[in-house]
Amino acid sequence: MEKYGVNQLRKMFLEYMESKGHLAMKSFSLVPHNDNSILLINAGMTPLKPYFTGAEVPPRKRVTTCQKCIRTGDIDNVGHTARHGTFFEMLGNFSFGDYFKREAIHWTWEFLTEVVGLDPDRLYPSVYLDDEEALAIWRDEIGIPENRIYKFGKEDNFWEHGAGPCGPCSEVYYDRGEKYMTDENDTEPGSDGDRFMEIWNDVFTQFENDGKGNYTTLKQKNIDTGMGLERLAVAVQDVDSMFDIDTILELREKVCEIANKKYHENLADDVDIRKITDHIRSATFMISDGITPSNEGRGYVLRRLIRRAAMAGRRLGIPGDFMADLSYTVIKTSKDGYPELEEKKVFIHSVLESEEAAFGKTIDQGIKILNGYIAEMQESGETVLSGDKAFELYDTYGFPADLTKDILKDKGLSSDEEGFAAAMQEQRDRARGARKTTNYSGKELTVYDKLDPAITSEFTGYDRMEDDSEVVILTTEVTDDNPGESVLALVEGDKGTVITEKSPFYANMGGQIGDKGIIATSEGTFRVEDTQPIGGGKIAHIGTVSEGVIKVGDSVHLSVNEDGRHDTEKNHSGTHLLQKALKLTLGEHVEQKGSFVSPDRLRFDFVHFKPMTAEEIKAVEDLVNEKIRERIAVRTDVMSIDEAKKTGAMALFGEKYGEKVRVVSMGDFSKEFCGGTHVGNTGEIQAFKIVSETGIAAGVRRIEALTGNNVFEYYRGVEAALDEVASILRTSRTDVIGHAEKLMERNRQLASEVESLKAKAAQASLGDAASEAIDVKGVKVVAKKLANVDVNGLRDLGDSLKEKLGDCVIVLASDNGGKVNLMVMASDSAVKMGAHAGNLVREAAKLVGGGGGGRPNMAQAGGKDASGIDKALARAVEVLSGQVK
C-alpha cells in the first residue's frame, strides 16, 4: 500500500465522491453561520444542518466536503497523550433525501480498499445491534463474514443530539497490528486501546426524536458520513499518532528545531512539543477565519490556545516570541487544501505576534501580583493561597494555574485547588445560564423557520427603487417572546411581515441595514420599517398596516424610501474607500471585523493593535476625500469566487458566499466582494469625516464616520457650539482660542493659590506634631487626627514629618465631612525593623468602615465612618508594636 500524504488523501476523497455525483464544496468557516448552539464548527455535518432540516435547499442532493473543525472539550489532555488534539479535518459525503445505506456502505468499502488500498482483512465494520439492513449489506453484498461485523448498542452506534433527526450508524475500524497494542486486552474493535482505530462513520439519519424517547420515521432519509483525515493518514502511513503524519510531523520538527530539543528524549518536553504543534494549527486556522483573541466566546478559546502554547514554549526554553513565525509552517503544509491561509498570511502573523507579546507582559504582571500574595502569606504565616486568589490570577490576568502551582511549590507553599475548582465551576454555571436555549439548528425557532424553503424572493433593487409583485406569505409580528404565525391577511394597525415574489427592498446584510418604504395594494398600505433576509432566500418586509387590509395573493407596488437608500449608499461606498485607505496607511494587517451602514452614519471595525494617531486619522480622511473628488466610477461585476480572487478583490471573513459573487470596484483603488448597494461614482459621496476612533476589544479598533449632507450637518453643529463658547467668553469666533488660553492661565494661577492656602491650613491643623511623637520599641511614631485634608495634603504633611523626625512611622487620618482619608509612611530603617505601612493601614481602615493597602514604606486607605478615627489610630500603633522586632 502506498503511504499517501495528507494533502493527497484529501484530494483523493473529494475526487472519488465527485465521481459518484457529489458536489465538492469548500470547507465552511470555523465560525458557525446563524447557529447559537456552538462557538466553533466541530463536525463535518454541523454547517450543513439547515440542509438536513429542510430549512434551506442544498445546492445539490449529494454533497462532499473536507471540513476544518475544532474541539476543545479535552484541551487539558492535549500534549499529555498523542491521541488528543483540538484541530482536525473531517472528510464527509452527504445525501439529502437521495441515496441511503446501500450506496453509502458500498462507497465506504470501495474507497478504503480500492482507492486508498487498505488491506480488506484488517477492516472491521460495526453496526447498531437492531440495524439488520446495514448488517445484511455488509454481510451479503460486501462479503464480510458475520463474525467480523461487530454489533454495538446506542452508546456506540446510534447518533442523536436531543430532539431532532437521528439514526443508527455503521463504523469501520482498522487493525493497525500487534505493535500498537496498548495491553493484552486490546484484541478487537471497541476495546479501549490503540490497535483498532475507528476511521469511518456512516450515520443513517432515518428517525425523528421528539425529545421524549419517541421515534418516528423521516420522510426524507439522509446520509451523514465522517472520516477524520488525520486518522486515515495515521493508518495509511503506519505511524504511531497524528503527530507523526507527514504534514504535522514537519510542524513538530520545526517546534523541536526552535526549541533545540529532540522528540522522544524527555517525557515533559514531548508534552509541550505536542501542545505547541496542535495549538498553533488551531490558532492559525481560527485567525484565518477572522477570529481574534478576546476575553469571551470563540475569541477566548483562541486566546487560551495561544497562551497555553506560549507557556509551553517558555518551559521548553524557546527564546522570545515564536508562534507568529511558526504559523508559516502551518500555512506551508496546509495551503493546498486551504488557500485562504496563504491569502491571510500577513494578518495571521500580525495577530499572533501582537497576542504573544501582550501575553509576555501578562506573565510578568501575574508574577508580580503572585509575589505580592506570597509576601502576604509569609507575613501572616499562611501556607495555602486561597482558591479565589488563584482563580483571579487565572481568570482576570490570564495567568496559568499550573504556573501558579509551580511558583508556590518552589516557595514551599501551595494553593487551595478545591477552592479554585469551585470558582471555576461557578463561572461555568454562569456561562451555561447565559447560553440561549436553541433548537436542533442552534437558533430560536420562529414562524420563519416553518415557511416553505422552496419559496424565494428575487431582489430587484440594484437598479430600481420601485417594482410590482405579488404577496406570497404574510405573518404576524415576530418578537423574542412571540414566534409569530402565518396568516392570510393583515388589517389596519396589525404589525407583521410581508413576503413578495420580488422586491426592490434591500434586506439587512453585510452591515448595510434594511430599506424602509411603502408596500401598497388597491385596498391597503403597509409601512415597511425594516427589511430582513430569512431562510431560503426570502426577503421579509417588517412593519405595520397603516390603512386598509393586505392579503396573500394581492398585487402590490413596492416603493423604497429613496433619500434613505441614497444616504445609505454614500456611507456604504465610503466604507469601501475607508478600508482601502486604512490598509495603505496602517498596513496590510488591517482586516474588517464588522461594519454598520445606515442613512445617518457608518461604523467600521478593523484589526489594528494600537490607537490611531491624529496624523494617521488625518491621512486616512484626506485619502478618502481625495478619491471622492476624483469621481471614480463604481462598477459591479458578477463572477465566480475564483475569478473574483484573481482580480485581487477583498472578501469578508466568515461570510457565506454562493457560487457567484458580486465584486464592487472603484477604479484600481478598491475591489471588494459585496452584495450591497452603492453610489454610481465616488463623487456622489460628497464628503467624508471621521468623528471617532476607539478600541472595542483587544486588537480591534472602531471608526465612526459621516458622509454627504451628514458631514455638513456635523460642521454646522461644530459652528453652533463655537458660537455658543464665544458668547460665553464674550468674544468673537476668531478670538475664542486667545480668550480660552488667558482663562486657563488664570485658572492655573488660582489653583496654585488654593493649593498653597490648603497646605498652610493643613500644616496649621497638624501643629507641632513632631513633639507629640511616641516611642514604640525604638521607633518614633506620630499618629494624628486632622480635618479637611485631602490625600495629597496628607502625603505632603507626612513627607514633612519624616524629614523632621528621620527614623519614624507616620499615621495620619483626616475627617473630610464624615469620610476618612488614611495615610501611613514608614522610613527605611523602620521597615528594616519590621514596620509595614500596607498592613498597618489595612488594619486601621477596618475601624473606619473602609479598606486599602500599599507598599511597606507608604500606603493609604479610605473609610466612611469618621467616628472611628481615634480607634483606628490606636489600632495602627498596636499593630506596629507587633510588627517591630
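Mentor: Two strands count as paired if DSSP finds at least two bridges between them. With that in hand we can go through this model, which is a predicted one.

Trainee: Which residue in the turn of the hairpin formed by β31 and β32 has a positive phi?
Mentor: Strand β31, residues 808–816, pairs with β32 in the antiparallel sense, and eight bridges connect the two. Two residues lie between these strands in the hairpin, and the one in the turn with a positive phi, about 65°, is glycine 817.

Trainee: Is strand β32 largely enclosed or open, and how many of its eight residues are buried?
Mentor: Besides its pairing with β31, β32 also pairs with strand β34, residues 858–863, antiparallel and over six bridges. Buried here means under 20% relative accessible area. Strand β32, residues 819–826, is largely enclosed by the rest of the structure, because the number of its eight residues that are buried is seven.

Trainee: How many residues of strand β3 are buried?
Mentor: One side of β3 carries Phe87, Glu89, Leu91, Asn93 and Ser95, and the other carries Phe88, Met90, Gly92, Phe94 and Phe96, with both faces covered. For the strand, residues 87–96, the count of buried residues is therefore, under the cut-off of 20% relative accessible area, ten of ten.

Trainee: Which residue in β9 stands opposite phenylalanine 94?
Mentor: Strand β3 is joined antiparallel to β2, residues 62–70, by nine bridges, and lysine 68 has glutamate 89 of β3 as its bridge partner. Five bridges join β3 to β9, residues 215–228, again running antiparallel. Within β9, the residue that stands opposite phenylalanine 94 is aspartate 224.

Trainee: Which residues touch the most other members of the largest nonpolar core?
Mentor: In soluble globular proteins, nonpolar side chains tend to be buried together. Leaving aside neighbours within four places in sequence, leucine 112 is in contact with Gly117, Leu118, Leu123, Val172, Ile199, Trp200, Met227 and Leu232. Of the 87 residues in the largest nonpolar core, those that touch the most other members are Phe111 and Leu112.

Trainee: What share of the residues in the protein is buried?
Mentor: The protein has 24 helices and 34 strands, and its C-alpha atoms fill a box of roughly 105 × 80 × 50 Å along the principal axes. Among contacts between residues at least 6 apart in sequence, 68% join residues at least 24 apart. Of the 885 residues, the buried share is 49%.

Definitions and conventions: Residues are numbered from 1 along each chain as its sequence is written. This is a predicted model: local features need pLDDT of at least 70, side-chain atom pairs count only at pLDDT 80 or more; totals for chains, interfaces and linings use all residues. Side-chain values use heavy atoms; hydrogens and water are left out. A nonpolar core is a set of buried Ala, Val, Leu, Ile, Met, Phe, Trp, Tyr and Cys residues joined through side-chain atoms within 4.5 Å. Buried means under 20% relative accessible area, exposed over 50%, partly exposed in between (1.4 Å probe, protein chains only). Contact means heavy atoms within 4.5 Å. Helices (H or I, at least four residues) and strands (E, at least two) are DSSP runs, numbered from the N terminus.
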